[in-house]
Amino acid sequence: MHSVLSAPANVSILGIPGWLLAVIIPLAGLIAFGLIMFKRLVPLAKGQADPRFDRPGQRIKAVLKFWLAQYKQPRYMVAGVLHIIIFFGFLILAVRSISLVIVGFNPDFVFPGLSGPLGDVYTVLKDYAATLVFLACIVAGVRRGFFKPERYTVPPKYGHEHTGEAIFVLGLIGGLMVFESLFEGTHVAAQLQEGLQADFIAPGTLAWLFSRVLAGASIGALQPLHSLSYYLHDIIFFFFLCYLPFGKHFHVITSIFNVYFLKLDKGTVKPVRWGVSDEELDDLESFGVKYFEDFTWKHMLDFYTCVDCGRCSDNCPATTVGRPLSPRFISIKSRDYAFERFPVLGELELKEPVMGRIFEEDEIWSCTTCGACEEECPVMNEYIDKIVDLRRSMVEEGLVPQSLQKPLSALEKRGNPYGKTEKKRTEWTKELPEGVEVKELGKKATARTLFFVDSACSYDERLQAIARSTASILNLAGEDFGVLGKAEKDSGHEVRRFGEEMLFQTLKEQNVQAIQAAGAERVVTADPHAMNALKKDYRDLPPVQHVSQYFLEQIRAGALKPQGIEDDSLVFTYHDPCYLGRHNLLYDAPRQVLDSIPGLKRVEMERCRDRSFCCGGGGLMLYYEPIEDKRMGQVRAEMAAQAGANVIVTGCPFCLVNLEDGVKTSGYEGTIRVMDLTELLAKQLGIAPAEEEPADEAEASGDSW
């Protein structure tokens with residue numbers, strides 16, 4: 001290869017032998033990188049335990065899907081394609097970069113297997129990769145500098161913009177592509193100059209362009225360019241490696257590990273402490289995250305891995321409506337704090353509480369735990385567990401919002417947030433249609449199916465219609481079912497996610513005993529939050545289903561035969577509840593139930609399925625009084641209107657409440673109606689209770705139902 005130009009190892013730079021530089025630069029770079037990484041691992045070593053070494057098969061599959069295949073990147077098409085080009089370009093050029101380092105002191109080195117035809121194929125591939133990466137860097141730099149998406153903006157309270165850092169890194173990457181291509185191009189140009197058979201070089205690539213532009217240059221001019229391009233590539237390569245752990249591009253190193261150690265069980269919440277059983281919780285000195293070291297090592301790895309792409313906050317409903325929460329800055333502020341408290345150079349700073357130092361109370365209480373941020377993150381960062389852990393510490397410190405204190409107190413005293421007596425849990429059954437009987441399960445009565453009603457559908461007058469519709473449909477399907485009645489307590493789903501772990505444990509224990517005593521073979525519920533709690537937070541229960549799954553089974557079996565929609569003006573849209581969709585992946589069953597109704601016209605909102613927009617409800621969130629510019633239900637009502645729907649169907653009682661409120665406060669009352677799936681199906685089965693169809697509302701909306 002170097003018959004015309006001298007190899008880098010055989011030249012001198014400022015009187016220093018090339019081979020010596022080729023040894024010193026990598027050695028210094030690797031030593032510096034090792035020391036930096038050691039310092040960066042210190043906080044992880046101090047963090048809490050987090051068992052992430054189970055199910056290696058699933059974890060490897062996740063790495064192949066989310067890291068290697070870049071599965072989530074195209075969700076933002078322009079940025080995603082640019083990132084994919086740069087990512088795969090880096091992977092392809094990794095072999096070339098390593099070989100160049102070795103060539104510096106061993107000119108004849110070739111990676112095993114790349115000296116023949118396979119090497120020729122690789123050379124073409126890496127030349128095109130370098131060119132595409134270079135062009136992608138230019139496009140990304142222009143886009144970041146002049147056409148920056150809103151999601152990249154950094155509000156003043158969060159510090160300075162990161163545009164400069166991003167463009168600087170793009171410049172480093174572009175520099176690597178240029179100097180690698182120039183190194184090869186000068187060699188080919190020298191061969192042409194000497195009239196030799198030039199090595200093949202892929203047409204249209206950077207290397208090809210350099211070889212053509214420099215074809216007329218003398219050997220005396222090509223030699224310094226050839227040597228300089230090599231050492232500049234070497235210097236940039238190792239500088240870039242050492243620079244990565246100081247900012248948002250740390251993800252280049254950490255993302256593969258972060259994806260491998262991702263959370264495999266959607267909808268779950270981490271225990272107060274891994275390795276501490278529920279029975280041992282009383283022995284713990286503190287709950288949750290009070291100091292930075294109370295985060296688990298995996299959650300600290302999340303902070304390091306944050307790409308700062310803004311996708312999480314762009315999809316966060318709390319951010320959208322102006323609440324003081326941005327998931328993006330949960331990670332960025334924490335990473336900045338980790339860098340400051342555990343510096344690469346200097347002494348470890350003093351330990352201090354994170355609330356007030358990194359996070360604000362309203363910021364942490366603003367989260368609905370909808371999971372939109374986690375669903376969108378391309379490197380699988382987690383937020384819900386961190387926020388729940390922060391809330392656990394706040395609850396222990398007594399930092400609970402005033403509006404939440406009353407329902408939490410009622411839950412402790414009465415087992416429901418309404419503060420009503422246990423005897424009133426079954427009052428909703430008094431207005432059931434004639435012939436519908438609901439057994440109260442326990443010592444004297446058993447049934448095949450337990451209908452777990454939960455607090456909202458038991459006590460809220462509007463939501464009791466969901467319980468009655470569900471019971472009526474179960475009865476029509478010939479199901480042997482019953483309820484727990486006064487033995488039922490609130491599922492505690494939101495109690496746990498609001499940080500009241502001990503109260504949750506009490507509610508869970510009482511419910512588990514009651515459910516086991518009922519002797520049912522399966523549990524159905526119309527509340528996705530209750531379903532999620534029973535499936536993900538409880539243990540030793542029979543299988544749990546959402547009613548949409550049960551309805552679909554019965555429709556397919558012919559036990560339920562919905563009548564057709566007679567009003568051609570009705571256009572339906574389905575709103576995916578967060579804990580039915582993102583947390584439990586139930587997207588199709590409710591839609592298939594709707595599509596089984598003859599004549600039903602259905603459209604999708606722009607944000608649907610795994611990108612559904614949270615209603616803002618979610619159990620105790622109905623009581624929370626956040627600081628916000630707009631209600632989430634209002635935003636969702638506008639989305640439905642934009643889709644051309646005049647009926648919103650949902651599968652969650654809290655979504656029903658918030659979306660009805662959103663419709664009213666957005667000016668759509670009388671033009672858009674909100675229904676629960678159970679109400680709609682009961683109606684089309686001809687068994688809807690009369691109180692669900694107020695004549696004045698039907699007339700006002702032009703609804704012929």
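Visitor: Which residues are buried in helix α8?
Guide: This is a predicted model, and in its helix α8, which runs over residues 251-260, the buried residues are H251, I253, T254, S255, N258 and V259.

Visitor: And what do they pack against?
Guide: The buried residues of α8 pack against α1 (18-46), α2 (56-68), α3 (77-103), α7 (219-243) and α9 (297-305).

Visitor: What about α6, which residues are buried there?
Guide: In helix α6, spanning residues 206-213, L206, A207, F210 and S211 are buried.

Visitor: Changing topic, how many residues does the largest nonpolar core have?
Guide: The largest nonpolar core has 153 residues, and those with the most contacts inside it are F292 and F451. Helix α20, made of residues 501-518, gives the most to this core, contributing seven residues. There is also a second, separate core of eleven residues, with V178, A190, L206 and A217 among them.

Visitor: What is F292 in contact with?
Guide: If we leave aside neighbours within four places in sequence, F292 is in contact with P43, M300, F303, S334, Y337, A338, F342, V354 and I358.

Visitor: Now the outside: which residues form a nonpolar patch on the surface?
Guide: The patch is formed by W19, V23, L27, I31, L35 and F105, which together have about 590 Å² of accessible area. One of these residues, L27, is found in helix α1.

Visitor: Why does L27 count as partly exposed?
Guide: L27 counts as partly exposed because its relative accessibility is 48%, and that class lies between the cut-offs of under 20% for buried and over 50% for exposed.

Visitor: Where is R151, and is it buried or exposed?
Guide: R151 sits in the loop between α4 and α5, and it counts as buried because its relative accessibility is 10%. The C-alpha atoms of R151 and R311 are separated by 7.0 Å, although these residues are 160 residues apart along the chain. Apart from neighbours within four places in sequence, the contacts of R151 include R311, D314 and R328.

Visitor: What does E376 touch?
Guide: Not counting residues up to four places away in sequence, E376 touches K72, R75, Y76, R311, N315 and R611. E376 lies in helix α14 (residues 372-376) and is buried, with a relative accessible area of 1%.

Visitor: How many salt bridges does the structure hold?
Guide: The structure holds 51 salt bridges. One of them joins K333 with E363, whose closest N and O atoms are 2.9 Å apart. Because K333 lies in helix α12 (residues 327-341) and E363 in helix α13 (residues 361-365), the pair ties together parts that are 30 residues apart in sequence.

Visitor: Are K333 and E363 buried or exposed?
Guide: K333 is buried, and E363 is buried as well.

Visitor: Which residue forms a salt bridge with R497?
Guide: R497 forms a salt bridge with D537, and the closest N and O atoms are 2.9 Å apart. This pair links distant parts of the chain, with R497 in helix α19 (residues 493-497) and D537 in helix α21 (residues 528-537), 40 residues apart. R497 and D537 are also part of a network of salt bridges that links them with K270, D389, R392, R496 and E501.

How values were computed. Residues numbered from 1 in each chain as written. Predicted model: local features only at pLDDT ≥ 70, side-chain atom pairs only at ≥ 80, totals over all residues. Heavy atoms only, no water. Buried < 20%, exposed > 50% of the residue type's maximum accessible area, 1.4 Å probe, protein only. Helix = DSSP H or I, 4+ residues; strand = E, 2+ residues; numbered from the N terminus. Contact = heavy atoms within 4.5 Å. Patch = residues over 30% accessible without salt bridge, like charges linked within 9 Å, V, L, I, M, F, W, Y side chains within 5 Å. Areas by Shrake-Rupley, 256 points an atom, 1.4 Å probe, with all protein chains shown as cover. Salt bridge = Lys/Arg side-chain N within 4 Å of Asp/Glu carboxyl O. Core = buried A, V, L, I, M, F, W, Y, C linked by side-chain atoms within 4.5 Å.
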